[in-house]
Amino acid sequence: MTLDSISRRSFAIETRGLKKMYGKRVAVDGLDMNVPLGGVHGFLGPNGSGKTTTIRMLLGLTTCDGGEMNLLGKPVPKQLTQVIRHVGAVVEQPKFFAGFTARFSLELQADVMGLPHNKVDEVLEQTGLTDWADDKYRTFSLGMKQRLAIAAALLKDPELLIFDEPTNGLDPGGIYEVREAIRDLGRAGRTVLISSHLLAEVEQMADTVTIIAKGRTLAEGSVNEITGNRSSDLEIAIRDPATARLVLTHAGFDVRSEGRLIVVHGVADPANVGRALAARNMYVDHMVRRNPDLESVFLDLTDGIGIGEMAIDVPDAPPPPGAKRAGEADHPRSGPSLGPNDTAPADSEAAAESAAGSRSATVLAPAAAPRSNPAAAQAAPSGSRPGGTEGTRAAAASSAPSARPSTAQVAPASPSTVIEASARGWVPPPGHSASSGHSVDAAAGSHRAYPDSGLRSIEDGGE
Amino acid sequence: MRLLMTEMRRLSNRQAIHFIVLILMILVVGLCAALWVSINPPSDADLQTQEQAFAAAQSDWDANGMEMMEACVNEEAQLQAIDPTIDKNCEEIQPPVRDDYVWAAPSWDDLLTGHGLGGVGFLSGFAPWLAGAMAILMAALFVGDEFSSGSLSAWLTIEPRRTRVYVTKLVVCGIGAAVLILLADFMTTIGTWLILKINGQPTGVPAGYWTDVYIDQLVGGLFIVVLGAIAGAALTFIVRNSMAIIVAVVGYIVIVEMIVARIIPSLQQVLLSDNTLAYVAGSSDYTTQSCATAETGLYLCSEVVHTVSRTWATSELGILAVVAIIAGWIFFLRGEVK
């Protein structure tokens, strides 16, 4: 597959440089997003990061102040009327009249679309609301309201479903119901975009994600790539942890103790740790990688720009000619950069195929210079920049090029941004402990030892 | 057409609309009940008291009437010696009329002429402006709830063409209000006729009344109602809150119609109540006082009667409605829908 063969239609949603201002306040600041066809795509960001505004712009509920948007290959809002028939959406909370029954609410919507009323029964059945079809909306629990909203979205039999914070306010039972419903929709081949600030929840549902903050894209790709491709903590049990800690610290690793264990922070390649200890005749009893989850990735990504600080107000500095990007090889590369463990194929088409095939995660650093992180910089062993060789890409989000697919794209960045992002690597913030430990072969020590379901969903969905 | 029919179905099932229907029905029943009470004679004791009051007024007139008349004429003559234009309206001093003191059953003709309009219902009768206000209220509730419940944004994810949605909602409000008020008008008119008939009162009307007078005023009233509903809906698209519209309507009636218009009488030319009445009845009069110091040094005031014509009323109401419709459309087209 070449880059060219991935047409606009390969994505259910695309945005390029999307902008929205409320007065002087920037709500969305040059947002780039690609939602592949098929599967569940998480749209992550803290409250106020621009998720709902982006969705509202996509659906024509508010105007955008710049950039481009495509829904199912059609530019919106220009051709929204042509494509809306294939898009079901629930924006913010479910919205129906309190005095209308579930069936009547759906019948009205079916009437507008010219659908037969048996379609209403079908979606009520699908969402498990048949028994409550003639109950008034006001008597519904929040979970039932959410299910009714999903039923309304399904009426059109849409290719694309957009759910904005679908589990907001739900109890655990309701969250489970909605999560299962969304998973099923994704499995059925539909594209589902769910926006949420609940990262752990999205991690359970989504195949791919876009992480944003301050109206900008920070990272995009499959969940496994975004979490697994990044350097992580390494938990080591060893007979003499105090000496081992000294040895590793001396070797340039960021080490801390956790009881009888030592934890090496920000490890790109566990083999390096094994070698450093073996060189002093120390051998580990066990070594477990604590893979970062989305939450830790998100916290790491946003650590640099500081949630609550308007880093986006800093103007972008264009990169000087010939400036290197993070992880970029010495030879110039005009095509898209590659995914994890990229080996820089000689010709650009091969590079494109590699990129399209592996769909590596792209991590876009904010244009503003992030806060420095001396600890992380110190922790990065020389010659093994965490993340740098594993597909992590630092770039200025606002200057991302328009060529597709952008998941494999690296935008030019200001040198300071690149250096900072590189130096930070994968450093969970203080007090944050990574979870989901997976045993790895210390010798191999590669993230590739883990299955990558995200790849499957994108490739499948792209057909 | 599909959208229009769906919106009609939506409107007719809204609880706020059911509430307005209930209020209208209460008004209809109230009006009929008031007529029923007024058409039945009071108690013998009350009648006796009324007769006594009339007899006392008659005696007073017999004793002092001519004297009062003469005094008035003399005073007028003295004043006219100073200023010949002075008129004390002495001819208004008249002997008492029995009907003014003692109860008499109203007839259909009395009721019609008593209102100054050609009917007894909402549109054709006593309060076309009230019908217009109710139409505004209905439209405000219908559109306002769409915004406050958020269902309009959900609606726009099905039909994103905002102009279509806007026009449909305005049309539906106009139709809905017209149907409701027309129904209330018919019910009041028929109820009044039935009450008179049951009580053996005359129900005859002058020839050609129904075709020449009633229909004309009914159509005029309907126009006011439709215009009110459309303008009310358009204004709600601007402020997006039914309560704000209700407060604005009540505020306008209390502050502008009842207070400011009394302070500045000439303002009546543009008041919605006067213009509504002028449109329905063909014209409407209001008076202002014209005061000046005469050459003799006396400060004299006289009442000046002004007329609001139907042409003026049509222009004013039309312009206001068009401005509201365009403003609402622009706000809805460009604004964010939450």
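Modeller: Lys88(B) is partly exposed, at 33% relative accessible area (partly exposed lies between buried, under 20%, and exposed, over 50%, with a 1.4 Å probe and protein chains only). This is a predicted model, in which local features need pLDDT of at least 70, side-chain atom pairs count only at pLDDT 80 or more and totals for chains, interfaces and linings use all residues; side-chain values use heavy atoms, without hydrogens and water. Residues are numbered from 1 along each chain as its sequence is written, with chains lettered from A and ligands numbered from 1 in written order.

The partner of Lys88(B) is Glu75(B), in a salt bridge of 3.4 Å, N to O (a Lys or Arg side-chain nitrogen within 4 Å of an Asp or Glu carboxyl oxygen). Glu75(B) belongs to helix H3 (residues 44-82) of chain B and Lys88(B) to the loop between H3 and helix H4 (98-101), so the pair ties together parts 13 residues apart in sequence (helices, H or I, are DSSP runs of at least four residues, and strands, E, of at least two, numbered from the N terminus). Glu75(B) is also partly exposed, at 39%.

In chain A, Glu165(A) and Lys51(A) form a salt bridge at 3.6 Å. Glu165(A) sits in the loop between strand E7 (160-164) and helix H6 (172-187), and Lys51(A) in helix H1 (residues 51-58), 114 residues away. Glu165(A) is buried at 7%, and Lys51(A) is buried at 3%.

Glu159(B) and Arg161(B) pair at 2.8 Å; Glu159(B) is buried at 7%, while Arg161(B) is partly exposed at 38%.

Over all chains there are 25 salt bridges, and three cross the interface of chain A and chain B.
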